[in-house]
Amino acid sequence: MRSRGDFHTHSTASDGVLSPTELVDLVASQGVVYHALTDHDSTEGIAEARVAAAKHPGYTLIPGVEMGTDIEGAEVHMLGLYLNPDDADLQQMLRKLREGRVGRGYGIVEKLRGMGMMIEWERVRQIAGDASVGRPHIAQALVEKGYVTKVADAFDKWIGRNGPAYVEREKMTPAECVQCIVGRGGMACLAHPADLQSLDALLAELKAAGMGAMEVFYKDYAPETVQRLRQAAEAHGLLPLGGSDYHGIFGNTEPLPGNIPLPDSAIERFLEAASKLPGARAMQVSGRPGAAG
Ligand SMILES: [Zn+2]
Ligand SMILES: [Zn+2]
């Protein structure tokens, strides 16, 4: 099924394979008229995508981002749409989110070095290999350099929860994320919510925080799933939105941009709401011709 809108896609600015230009060209060629670029924790692709967008009459680029947030035992992804990439506070927040992944390990290494244990961050990353850096890797680096005799000692003396080199991981809750997006004039939309536990409670909380939409017509969701999410969106007063989450990495089975059952009526409702957003008004990209300003 072809839709005129696709509000969730990735480029090389995060883990997609197409450059922002290639992505915009592909999306426009699919007949998508309203397209959001939503890279993970980054708006780095927006500037290039805007240049590419200018080549396609009738096509509208919506600047966005997909932010990773945490709840107990799970990650929740939040789309922020109509955010201004030149907003310094937004960039500061995105930097924090990006660094959160490696930041804690890096912070611990820095603290250790400050205390005279000169282990190298590069070496810690080598030890971790493909895994994300964790404290055991740092402990191993300490053993290698002879600062402790075994891994357990590193935890006991330095990097355990109450140790002098311990660093707490930077976390953001979905509600905090929604407040940030809304506070910067954008629209917050819960991404791929089908598998989240206690979805009703989460939706109520995020709606109260200012979230305006949730993904219902997502990539390859089964019709029953779409139906269930549609009802949930309705019940919580959230706009049902949709996206392909196109990355270009999953081969032939990956739906192309716009290949989602997102109906025109949902796009219209969304654009209507978006046209009132401070963010959309400021950048005059509300999408709907003539709605800006
Ligand atoms: Zn995601
Ligand atoms: Zn995504």
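Predicted model: local features only at pLDDT ≥ 70, side-chain atom pairs only at ≥ 80, totals over all residues.

Entry 1: Next I checked how β3 is joined to β2: the two run parallel, with seven bridges between them. One pair I noted down was Tyr-34 with its bridge partner in β3, Thr-60.

**Entry 2: the whole sheet.** I then traced the strand order and found seven strands in an open sheet, β1-β2-β3-β4-β5-β6-β7, with mixed pairing. Which strands stand at the edges? They are β1 (5-6) and β7 (239-243), and each has a single partner strand, so one side of each is left without a neighbour in the sheet.

Entry 3: I followed the pairing of β6 (residues 213-218) with β7, which is parallel and runs over five bridges. Here Tyr-218 has Gly-243 of β7 as its bridge partner. On to β5: this strand runs parallel to β6, and two bridges join them. I wrote down Cys-189, whose bridge partner in β6 is Ala-213. I also looked at burial in β6, and six of its six residues are buried.

**Entry 4: helices on the sheet.** I turned to what lies against the strands. Helix α10 (residues 264-274) lies across β1, β2 (34-40), β4, β5, β6 and β7, and I read an angle of about 110° between α10 and β7.

**Entry 5: two helices together.** At what angle do α7 and α8 pack? I found about 30° between α7 and helix α8 (residues 199-209), with the axes 9 Å apart. The limit for this label is 35 degrees, so α7 counts as roughly parallel to α8. The crossing of α7 past α8 is right-handed. I listed the residues that make the contact: Pro-174, Ala-175, Val-178 and Gln-179 come from α7, while Glu-205, Leu-206 and Ala-209 come from α8.

**Entry 6: the nonpolar cores.** Which residues touch the most other members of the largest nonpolar core? In this core of 58 residues they are Leu-190 and Phe-270. I went through the contacts of Leu-190, leaving out residues up to four places away in sequence. Among them are Val-76, His-77 and Met-78, then Leu-196, Leu-199, Leu-203 and Leu-206, and also Met-211, Ala-213, Met-214 and Glu-215. I found a second, separate core too, with 19 residues including Leu-112, Trp-121, Val-124 and Ala-128.

**Entry 7: two positive phi values.** I finished with the backbone. Tyr-82 is not a glycine, yet its phi is positive, near 65°. I placed Tyr-82 in the loop between β4 and α3 (88-114). Is Tyr-82 buried or exposed? Its relative accessibility is 0%, so Tyr-82 counts as buried. Ser-198, also not a glycine, has a positive phi of about 45°. I found Ser-198 in the loop between β5 and α8. With 55% relative accessibility, Ser-198 counts as exposed.

Conventions: Residues numbered from 1 in each chain as written. Chains lettered and ligands numbered in written order. Heavy atoms only, no water. Core = buried A, V, L, I, M, F, W, Y, C linked by side-chain atoms within 4.5 Å. Buried < 20%, exposed > 50% of the residue type's maximum accessible area, 1.4 Å probe, protein only. Contact = heavy atoms within 4.5 Å. Pairing = 2+ DSSP bridges. Helix = DSSP H or I, 4+ residues; strand = E, 2+ residues; numbered from the N terminus. Axes fitted to C-alpha atoms, helices over the stretch in contact; angles between N-to-C directions. Parallel < 35°, antiparallel > 145°, perpendicular 65-115°, else oblique. Left-handed = near helix turned anticlockwise from the far one by under 90°.
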